[in-house]
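Please open the structure in your viewer and keep the selection tool at hand.

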Amino acid sequence: MEYQVIVPAAGQGKRMQAGKNKQFLLLENKPVLIHTLSIFEEDEHCKGIIVVANKAEINEMESLFSRYKLAKIKAVIEGGSERQHSVYNGLKALPNDNSIVFVHDGARPFVTKESFLKLTRKASEVGAAVLAVQVKDTIKKVTDSKVTETVDRSSLWAIQTPQAFRISLLKEAHEYAKKEAYIGTDDASLVEKIGREVAIVEGDYKNIKLTTPDDLLYANMILEERKK
Ligand code: CTP
Ligand code: MG
């Protein structure tokens with residue numbers, strides 16, 4: 001089952017404290033964003049990639065895409081101030097139909113395509129499907145340094161990307177959020193906001209988002225392990 005993917009890469013990478021957008025950081029000599037895009041480039045079911053980039057970085061990214069011979073990139077679109085705006089801009093480049101679009105963070109280079117078929121299928125059935133893993137830690141609510149509640153862990157899932165949608169549904173959700181000036185923490189939350197169902201597909205704990213410098217340590221360990 002075919003899909004297209006929007007890859008938001010138009011952040012600043014502030015928490016990574018690298019002095020530049022973390023998409024350009026090298027892992028085994030290759031930029032993070034290229035690691036991520038190559039997964040889709042090599043997946044036969046992916047029929048097109050839309051990258052969302054900072055205006056000032058579009059040229060640099062485009063030259064990387066040709067250097068790494070990424071043939072599936074259909075467009076490089078300018079991002080917005082929030083991730084949600086960046087995804088919205090990417091979405092505008094796609095026609096409004098019922099085909100499937102993935103949204104996947106440029107900063108998540110370790111996802112594997114094993115789950116992609118499930119995501120596409122679930123999104124066709126339900127409208128929206130997201131990768132997720134069960135929370136391993138005990139989670140407590142805290143106010144003024146005092147615990148107010150221990151949340152039942154069995155119902156807690158940590159949500160990742162890709163998140164897969166029927167394009168028409170994701171467009172409707174983004175348009176509604178825009179109208180209401182609502183900012184969600186992920187795309188699925190916009191779909192939830194309009195009262196529609198979102199299915200879970202169980203993912204892998206190694207599908208981390210590179211967010212803080214510690215994540216780079218773990219990233220290099222994952223790459224070492226994969227070489228074996
Ligand atoms: N992103 C984007 N447009 C934005 C903000 C984020 O396209 N305005 C992208 C990032 O480039 C990243 C993904 O969304 O691939 C997830 O965001 P996050 O991990 O928060 O990255 P940054 O926003 O770059 O990092 P920080 O929040 O630490 O500044
Ligand atoms: Mg951010």
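**First stop: two loops**

Begin in the loop between β1 and β2, where Gln17 has its place. The model is a predicted one. Select Gln17: its phi is positive, about 50°, although this residue is not a glycine. As background, most residues other than glycine have a negative phi. Is Gln17 buried or exposed? Because 9 other C-beta atoms lie within 10 Å, Gln17 is exposed; the cut-off for that class is 12 or fewer.

Next, select Asp144, in the loop between β8 (140–143) and β9 (146–150). Asp144 also is not a glycine, and its phi is positive, about 50°. With 5 other C-beta atoms within 10 Å, Asp144 is therefore exposed.

**Second stop: helix α1**

Select residues 32–41, which form helix α1. This helix is mostly covered, with seven of its ten residues buried. Which residues of α1 are buried? They are Val32, Leu33, Ile34, His35, Thr36, Leu37 and Phe40. Now display the elements against which these buried residues pack: the strands β1 (3–8), β2 (26–27), β3 (30–31) and β4 (46–53), together with helix α2 (58–67).

Select ligand 1 and the 22 residues around it. Which of them come nearest? They are Pro8, Gly11, Lys14, Arg15 and Ser86. Colour the shell around ligand 1 by class, and it divides into six nonpolar, ten polar and six charged residues.

Select helix α3 (residues 83–92) and helix α5 (residues 167–180) together. Their axes are 11 Å apart, and the helices pack at an angle of about 130°. That angle is why α3 is described as oblique to α5. The crossing in which α3 passes α5 is left-handed.

Display the side chains at the contact: Gln84, Tyr88 and Leu91 of α3 meet Leu170, Lys171, His174, Ala177 and Lys178 of α5. By class, the residues of this contact are four nonpolar, two polar and two charged.

Move to helix α4, residues 116–126. Its buried residues are Phe116, Leu119, Thr120, Lys122 and Ala123. Among the elements that cover them are β1, β6 (100–103), β7 (128–134), β10 (157–166) and β11 (199–202). Just after α4, select Gly127, which takes a positive phi of about 110°.

Continue to Ala129, in strand β7. Because 27 other C-beta atoms lie within 10 Å, Ala129 is buried. How far apart are the C-alpha atoms of Ala129 and Leu119? They are separated by 5.8 Å, although the two residues are ten places apart along the chain. Leaving aside neighbours within four places in sequence, Ala129 is in contact with Leu119, Lys122, Ala123, Ala164, Ala199 and Val201.

One of those contacts, Ala199, is the next selection. Ala199 belongs to strand β11. It is partly exposed, with 18 other C-beta atoms within 10 Å. Apart from residues up to four places away in sequence, Ala199 touches Lys122, Val126, Ala128 and Ala129.

**Last stop: strand β10**

Select Gln160, which is found in strand β10. Gln160 counts as buried because it has 23 C-beta neighbours inside 10 Å; the cut-off is 20 or more. Its contacts, not counting residues up to four places away in sequence, are Arg108, Leu131, Ala132, Val133, Gly203 and Asn207. Lys209 is 49 residues from Gln160 in sequence, yet the distance between the two in space is 8.1 Å, C-alpha to C-alpha.

Finally, select Pro162, which also lies in strand β10. What is the form of the peptide bond from Thr161 to Pro162? This bond is cis, with omega near 5°. In general, most peptide bonds are trans.

Methods: Residues numbered from 1 in each chain as written. Chains lettered and ligands numbered in written order. Predicted model: local features only at pLDDT ≥ 70, side-chain atom pairs only at ≥ 80, totals over all residues. Near = placed C-beta within 6 Å. Nonpolar A, V, L, I, M, F, W, Y, C, P; charged D, E, K, R; others polar. Helix = DSSP H or I, 4+ residues; strand = E, 2+ residues; numbered from the N terminus. Contact = placed C-beta atoms within 7 Å. Axes fitted to C-alpha atoms, helices over the stretch in contact; angles between N-to-C directions. Parallel < 35°, antiparallel > 145°, perpendicular 65-115°, else oblique. Left-handed = near helix turned anticlockwise from the far one by under 90°.
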